[in-house]
Amino acid sequence: MNSGIISSRYATALLKRVTETGRGQQVCDQVEQLLEHPDVQIQALEPDLRSFVDVIVKNGRQEYLKLALNSFVRKYYESAGIKMALLTTASPAPGLEEKLSALIHEKMGCSVKMKTKVDPNLIGGFTFVVDDLLLDASVSRQIDLIRRELIEKTNRIV
């Protein structure tokens, strides 16, 4: 059976369970913590998450655990009307996150859970990804576009 289908079914079951118990946000926060820091040990798992892990172990599906947890996070935010976004900047830009969140809320009518990271390879500017939308306002992208344009012009001359 396809690993994507298996993990999606487990994630859907966990989402249904946390929706029934009303502990979705707590479970989602803990799952994100586990996914970001797999080597850090959490003292007490949420009861819904503990029973979910027990079912996966009981069914011998441990290899699908990480996929199922990632799928759960996506499904949870989708059900809550929250878009996941990634903002990458060349240097820290404190006000940019709030402006982009407000823009997404205005244009798409939903809230945004934004992760940020700093990548000096961008040279300047930022990249912003939400769903399948990429906004690339980085200096490195502009340099790449100029480089390609020069190569095309050079090839036409020769």
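Me: Leaving aside neighbours within four places in sequence, which residues is T89 in contact with?
Reply: The model is a predicted one. Contact here means heavy atoms within 4.5 Å. With neighbours within four places in sequence left aside, the residues that meet this for T89 are L96, K117, V118, D119, L122, G125 and F126.

Me: Is T89 buried or exposed?
Reply: The relative accessible area of T89 is 6%. Buried means under 20%, so T89 is classed as buried.

Me: Which strand holds T89?
Reply: The element in question covers residues 82-89. T89 falls in that range, and the strand is β1.

Me: Is M108 buried, partly exposed or exposed?
Reply: M108 lies in helix α5, which spans residues 94-108. Its relative accessibility is 37%. Buried means under 20% and exposed over 50%, so M108 counts as partly exposed.

Me: Which residues does M108 contact, leaving aside its neighbours within four places in sequence?
Reply: The cut-off is again heavy atoms within 4.5 Å. Beyond the excluded neighbours, M108 is in contact with K83 and D131.

Me: How far apart in space are M108 and K75, C-alpha to C-alpha?
Reply: Along the sequence, M108 and K75 are separated by 33 residues. In space, their C-alpha to C-alpha distance is 18 Å.

Me: In what pattern do the helices and strands follow one another along the sequence?
Reply: The protein chain has 6 helices and 4 strands. Read along the sequence, their order is α-α-α-α-β-α-β-β-β-α.

Me: What share of the 158 residues is buried?
Reply: The accessible surface of the protein chain is about 10,500 Å², with 54% of it belonging to carbon and sulfur atoms. Buried is taken as under 20% relative accessible area. By that cut-off, the buried share of the 158 residues is 28%.

Me: How far apart are the mean positions of the positive and negative charges?
Reply: The protein chain has 21 positive and 20 negative charges. The separation of their mean positions is 4 Å.

Methods: Residues are numbered from 1 along each chain as its sequence is written. This is a predicted model: local features need pLDDT of at least 70, side-chain atom pairs count only at pLDDT 80 or more; totals for chains, interfaces and linings use all residues. Side-chain values use heavy atoms; hydrogens and water are left out. Helices (H or I, at least four residues) and strands (E, at least two) are DSSP runs, numbered from the N terminus. Buried means under 20% relative accessible area, exposed over 50%, partly exposed in between (1.4 Å probe, protein chains only). Accessible areas come from the Shrake-Rupley method with a 1.4 Å probe; for residues, only the protein chains shown count as cover. Lys and Arg count as positive and Asp and Glu as negative; His and the chain ends are not counted. The place of a charge is taken as NZ of Lys, CZ of Arg, CG of Asp or CD of Glu.
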